[in-house]
Amino acid sequence: MTELLTAAQMRAIEEAAIASGEVTGLELMERAGRGVVEAIFEEWPELAQTSHRAVVLCGPGNNGGDGFVVARLLKEWGWEVEVFLYGDPEKLPPDAKVNYERWGEKGEVAPLIPGSLDQSVDRGLENAIYKDQYDASGTWESETNIGQQTIFIDALFGTGLKRRFEEDLLDVLKEWGDYCYEYAVAVDMPSGLCSDSGKCIGGHWVFSKLLVTFETPKVGHFLGHNMYDIKSFKTVDLNFHWNTDADTVGLLGYTDLQLDKDGWFDNGMQKTLRTHKYSHGHALIFAGGPGKTGAARLAARGALRIGAGLVTLGVPPSAQMEVASQVTAIMLRRVTDGSGEVDGLDVTLRDDRINALCIGPGLGIGARGEALVKTTLEGKRATVLDADALTLLAQDKALFDCLHKNCVLTPHGGEFARLFPDIAEKLNAPATKGPAYSKVDATREAAKRAGCVVLFKGPDTVIAHPDGRCSINSAQYERAAPWLATAGSGDVLAGFITGLLARGFDPMRAAETAAWLHVECARSLGPGLIAEDLPEELPKVFRDLGL
Ligand SMILES: NC(=O)C1=CN([C@@H]2O[C@H](COP(=O)(O)OP(=O)(O)OC[C@H]3O[C@@H](n4cnc5c(N)ncnc54)[C@H](O)[C@@H]3O)[C@@H](O)[C@H]2O)[C@@H](O)CC1
Ligand SMILES: [K+]
């Protein structure tokens, strides 16, 4: 799994490498700056053809130091380079100071103060390529795109951002935001955003198209939704040895899922020629009353498609006809209440082959729902609790206390806030200091309190285990799938997790694998997706994965 680091963890591994004598800080900075230049040419090969103009904004720390290296290397390529420094050059840290001086042999450094960017843009316009012409329809087009010859490098702040910007810097950055750039690069972080949480600490942040980070991405790169302007994300290898005992966060990727070509999934419950449907578990998913059964049916379809051997919908008698008219491969069983000889859940659960349950989608928050959640939790079987079940847990502390290690909670933001109001308050408080409390911190704290796996949904889904293990399933950058935010998509996710639990996955791995496949289905299908499509796309995704 790609390990995502916090600023403190990154600093620790860098300091260890320097202390071991393997590399100097100056060499790391040189590799970082060179990496940025290479990433620029890789991203925009057209820029390597001729010389261009670069505007580099350097900050008061080592991020600024990287900026001076980039400026020097671009100058050596024959580019026209303007460098601005925010802060006192005498106070630069040692390696940044060396690179400030090296740049000083090639060009000037202007202070970054309000107005300086406007003047720089004016200078750029003197050489602008004006495109005045008739377009195909005969309309006069006039376009002046400063981005056509200027590349902007944001090396103001990286992992060391600590507090809100002073007003003078805010003025400068608002000036920056007035222009639309075709070529804009964030060095390590978009300045203003926290590298641990992705939150805006500075009061404003710098927009870019390309983000270049170093050695391994930071946790904050994959949290929140502030980095929507970044179209491309690159990681430069700084080439030093490190490993860390710290609790790092994993970024989920295909190779982490141990999907196995011969057996679908390498988990001891593979689908092979020797197995039959009872080898792959039996999932029970509860439906709500009439007119509310769609959510559970979506979950059931998801559980079946992801490979549960059998899936049964537990329905109240009033909804039996509705559900029966809609399902075929999925079975149906009357479950009227938590207990009772006629249609009681306790009777259904006498069947030990039912090894995974899903409760919540469309369940309702009335007495039946509450009784079913209670009996479900008492059974201690692998269980996904979603939607209305989460509301019921939030309302009843005694019910919440019944959660056990085989549970998976799948809240979205609103449900999370109901279940863990104090944690959500910390998470949603305006960030004023770095590093800020993050969605990773919040999900870890929630998992510990609940004593089970918590999957906190979003384009930055965070999955945490009570023992501290944590991963992010990102639907950002090249995995962006905004069309996944559609009614019922969460029900399908709950069904995917349930299906994998039925197949014997442990709760953490079931949640991680399901979340990753859920995004893959959305990416495979593309815009126009509705929740019903997600389970139906799984066979294609499996096939594309070579399963
Ligand atoms: N960790 C690594 O392995 C490497 C880090 N490098 C670079 O070094 C960066 C981290 O350097 P630093 O720790 O010096 O951190 P930064 O350069 O991000 O900024 C720290 C400086 O900014 C000041 N500061 C923080 N918030 C401020 C605010 N709101 N207003 C004004 N000043 C503020 C701090 O007092 C400090 O002087 C990384 O992001 C990366 O760009 C690279 O040079 C190479 C290797
Ligand atoms: K930056």
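Student: How much of the chain counts as buried?
Tutor: In this predicted model, 49% of the 547 residues of the protein chain are buried.

Student: And how many helices and strands?
Tutor: The chain has 18 helices and 22 strands.

Student: What does the C-alpha trace span?
Tutor: About 85 × 65 × 45 Å along its principal axes.

Student: What share of contacts joins residues at least 24 apart?
Tutor: Counting contacts between residues at least 6 apart in sequence, the share is 71%.

Student: Let's go inside. Which residues have the most contacts in the largest nonpolar core?
Tutor: Ile285, Ala299, Ala303, Val408, Ile497 and Ala511, in a core of 97 residues. Helix α17, residues 507–525, supplies the largest share of this core, with 10 residues. At least three residues come from each of domain 1 (2–113 + 150–249) and domain 2 (252–544).

Student: Take Ala303. What is it in contact with, beyond four places in sequence?
Tutor: Ala283, Ile285, Ala308, Val311, Cys358, Gly495, Thr498, Gly499 and Ala502. Another core, of 59 residues, lies apart from the largest one. Its members include Ala54, Val55, Ala184 and Phe207.

Student: Switching to ligand 1. How many residues surround it, and which are closest?
Tutor: There are 30, and the closest are Gly61, Asn62, Asn63, Gly158 and Gly160. Elements giving two or more residues to this shell are α1 (7–19), α2 (25–43) and α3 (62–76).

Student: Which of those gives the most?
Tutor: α3, with 5 residues.

How values were computed:
Residues numbered from 1 in each chain as written. Chains lettered and ligands numbered in written order. Predicted model: local features only at pLDDT ≥ 70, side-chain atom pairs only at ≥ 80, totals over all residues. Near = placed C-beta within 6 Å. Helix = DSSP H or I, 4+ residues; strand = E, 2+ residues; numbered from the N terminus. Core = buried A, V, L, I, M, F, W, Y, C linked by C-beta atoms within 7 Å. Buried ≥ 20, exposed ≤ 12 C-beta atoms within 10 Å, placed from the backbone. Domains from an automatic or database assignment. Contact = placed C-beta atoms within 7 Å.
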